[in-house]
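Student: Could you walk me through how one reads the overall features of a model with several chains?

Tutor: Gladly; let us look at it together.

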Amino acid sequence: MSNPRDTILAGIRRSLGRGALDAETVRELKQRLAQPVRNTVPQRGQLPIEERTALFVQMAEAVDATVDQLGDLSQVPSAVGTFCQVHGLIKSALLAADPELNALDWGEAGFTSRTGLPQRDDLLAITPAFAAAAETGTLVTRSGPDHASSLNLLPDNHIVVLHKAKILASYEDTWDLLRKAYPQGLPRTVLWITGPSRTGDIEQTLQLGAHGPRRLHILIVG
Amino acid sequence: MSSPTVGLFVTCLIDLFRPSAGFAAIALLEDAGCQVEVPEIQTCCGQPAYNSGDRKDAILVARGLIDAFAPFDYVVVPSGSCAGMIRHHYPGLFAQMPELARQAQALADKTHELVSFLVDVLGVKQVPVAFKGKLAYHDSCSALREMGIHDQPRQLLSSMDGAELVALENPETCCGFGGTFCVKYPEISGRMVDDKARDIEASGADTLVGPDLGCLLNMAGKLRRRGAAVEVRHVAEVLAGKTDKTPPIAADPKRS
Amino acid sequence: MPEIKSPAFQANVNQAMGDAQLQQALAKLKGGFQVNRVTAAGKLPEFETLRDQATGIKEHTLAHLDFYLEAFEEKTRAAGGQVHWACTAADARRIILELCRQGGAGKVIKGKSMITEEIGLNDFLIHNGLEVVETDLGEYIIQLRNEPPSHIIAPAIHVSKEQVADDFREAHEALDPQRPLAEPRQLLDEARHILREHFLSADVGITGANFLVAETGSVVIVTNEGNGDLTQTLSKMHVVVASLEKVVPTLEDSATLLRLLARSATGQELSVYTTYATGPKREQDPDGPGSFHVVLLNGGRTDLLGGPLNDVLRCIRCGACMNSCPVYGAIGGHAYGWVYPGPIGAVLTPALIGMEKSHHLPHASSFCGKCEEVCPVRIPLPKMMRHLREKSYEKGALPRTFLAGMGFWAFLARRPRLYRTAANFLARALAWAAMGRGALKHVPFAAGWTSERDLPAPEGRSFFAQYRKQKKGEKP
């Protein structure tokens, strides 16, 4: 009696009317996986940096994210401060353990800041984004020692710091960057975020803030 | 064009319920310069059997049609679904029979729905007909999706002097006929044609036209059941200017 | 195994059509998902090209399914995950239960997954002493109601907000009975609050997979709510259940399919959260599941592969077909009687559970072809429904009167002269029965027609009777 794996593979081959694939075909298929080729990439995001950024902002705002453009990383804490004022949040910043974010002067902007995992009463998390795809206003984040996944989802408000130079045209461009950054294999999660959490499950009425954040605020820096 | 011969495939529904549409089709083709014959050994395209899963009978009936229309350069059909059956499904029906497959393909290649034949093949751009009133056109599913008929009838209908085309809100939604579907699942079909009737009534159209008689019988029957005043005709009757000869589908004849 | 109600199709249909609440919900599809899909497709000039490419990707993958599954397994293991192969639903349930026990469950939270519906996982786990909580809001609602989903991406589409409020009051006993729950906002906030507790106390998270990426051993999960990610991130063990045909070759291929998925489903450009999960947490990760398991289920897929129903394996579960189907729009999802409703269900259900239990499904279609028109991977659904009808016919499984009528008609249709006579006779008989009126309200043997609409009267003589007369008159 063969094991389920063998049974299933044999069943596949039988249904396809062949035995195991020949060596040449296997080589070709392995090559297809080792050097992936792009299918058609929409023209949409393929613009010079300024137009690309404008497109990113337009697409992100269309899905109810809010966006601020800052000249410089040092402006981030005060921009977050403004966000907290507007939405009545206390100035308590839970930061991803990202060195760049942690090097900023939060104290000067009146914040108490810490890193770590979100607790039940954390209402705000601030994290970096690895990159973004302008085509749909999508942020690309990845898990790692410096970016706990639950920061993206548990607190009510999520602020993302995105370097302008990382606003790419397409999903494919972000995969190229990720593969370069992680030649040994992808991080546990690569999470694409396109706007704050939503649902249409009650009478097909769209509402924000299902399980993930109610608000997604993007700070574009550069 | 050096006088190609055109064979008219009347279709079983027009033969039985609406001969006027068949005669209107002949008039349209002759007006456009065609020599039209109607071979009398034709019966049906075989769709009822084919869509019911009765492939055997579909093949037998289709063979009759292939024989009937072999002699012609073009075969023209005042029905999107029958034309679609021949064009898109006949070759596959005979896939296992090489000689018949060849004949089926030859027939498929020369078969056209009526209005698209006039516009796309003969280059007809308008019809010299006056028609006063608001017309809604229903896109029968096979005509639309199998035969690509959408702009052509609208082009010819708009060319009629006095005619105003009004759009249905959901012109591409199925009317619920679907051949035997409408009698096998009457409640579902009834709902679909009820939705369609409401759409037609709300459009403000005086007259509903379409390319397929099955759909028209279905919609006319429902409109009448609902007491609606909309007149229903086959698109051929209207384009041929033959609406004074026969009352609309399902309408009581006017007492003279 | 989830209960099969497909044999009761006619009764289901009658009930559905009389359900005013359901009909109201279904009516929203036209102005909602249906029109949104068209708008979204219209905004992407490359949409049709992507459909062709997506179809090609799926066809290629199915033709080399053995290779891609093995490649996926290899990469998943390299990332520290485990792959389990299950031949049947029962095997999958057993494996998952064992994994849950290993994971110390306790409590299992779930992301929305049609495959877990298909294998009847929840009931099985509950029966074996586990607590199971659905985290997708729609799934949570129907879990409270003990109902199956009625749509593959909007499972509670048939439920009104008043019904949800009642269900919440009954289920969330600890909350203040006087609290207001009239508005969707209030319901959502309550669900978020309740489910948050479950997220934070779960042992095992079970999800499905939208795609399995062979290149990297990644599992793609797509949600708008964020529960797909929370289900896996907060648990100690993440179990993915996926049928074989979910695998795609590369990240680029997944991107192409993702561009079609949300646009076809709801008209969104992309769902809010798209998670590519590759293995368990890395040593230095602050959070994430300690173990990662993928259960690959056959469940009859290899029987479909390479056969006349092969193309149904291309399905990416977007729901566009049912959103656009006028039959689904009239009867809703529960009428189909099993896990998958709409046009995809009309093929997949008989394919997986057999025509004997579900023969109505491929017959209850007018073959309008809209499903095939909107399917992002161009599945020829009407063609496959016709194939199933052929199987029905071959087995003689159709009603006797129908078979007799079809046989009689075919007999006539092969005999032109007889046919001519019969047609003219029928034309005259019906015209006579109409008694000068334009239509008949009742016709013997045609109650299926006349129950819903009048039967227009024929003109009185068949076309050929008139044509012959004309031609005779023309002869010199």
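Student: How many helices and strands are there in chain C?

Tutor: Helices (H or I, at least four residues) and strands (E, at least two) are DSSP runs, numbered from the N terminus. In chain C there are 24 helices and twelve strands, and its C-alpha trace spans about 100 × 60 × 45 Å along the principal axes. Before going further, please keep in mind that this is a predicted model, in which local features need pLDDT of at least 70 and side-chain atom pairs count only at pLDDT 80 or more, while totals for chains, interfaces and linings use all residues. Residues are numbered from 1 along each chain as its sequence is written, chains are lettered from A and ligands numbered from 1 in the order in which they are written, and side-chain values use heavy atoms, with hydrogens and water left out.

Student: What percentage of the residues of chain C count as buried?

Tutor: Buried means under 20% relative accessible area, exposed over 50%, and partly exposed in between (1.4 Å probe, protein chains only). Of the 476 residues of chain C, 65% count as buried. For chain B, buried residues make up 64% of the 256 residues, and for chain A they make up 55% of the 222 residues.

Student: How does one read the radius of gyration, and why is chain A described as more spread out than a compact globule?

Tutor: The radius of gyration is taken over C-alpha atoms, and the globule rule is 2.2 Å times the number of residues to the power 0.38. Chain A has six helices and twelve strands. The radius of gyration of chain A is 22 Å, well over the 17 Å that the globule rule gives for 222 residues, so chain A is more spread out than a compact globule. Its C-alpha trace spans about 70 × 45 × 40 Å along the principal axes.

Student: Which domains does the assignment give for chain A?

Tutor: Domain bounds come from an automatic or database domain assignment. For chain A that assignment gives domain 1 (1-35) and domain 2 (44-221), and the C-alpha centres of these two domains lie 42 Å apart.

Student: And what does the radius of gyration say about chain B?

Tutor: Chain B comes to 13 helices and eight strands. Its radius of gyration is 18 Å, close to the 18 Å that the globule rule gives for 256 residues, so chain B is as compact as a globular protein of that length. The C-alpha trace of chain B spans about 50 × 45 × 35 Å along its principal axes.

Student: Which chains have the most contacts between them?

Tutor: Contact means heavy atoms within 4.5 Å. Two pairs of chains touch, and the most contacts are between chains A and C, whereas chain A and chain B do not touch, their nearest C-alpha atoms being 20 Å apart. Within chain B, among contacts between residues at least 6 apart in sequence, 76% join residues at least 24 apart; for chain C, counted between residues at least 6 apart, 72% join residues at least 24 apart.

Student: Where do the charges of chain C lie, taken as two sets?

Tutor: Lys and Arg count as positive and Asp and Glu as negative, with His and the chain ends not counted; the place of a charge is taken as NZ of Lys, CZ of Arg, CG of Asp or CD of Glu. Chain C has 54 positive and 52 negative side chains, and the centres of the two sets lie 14 Å apart.
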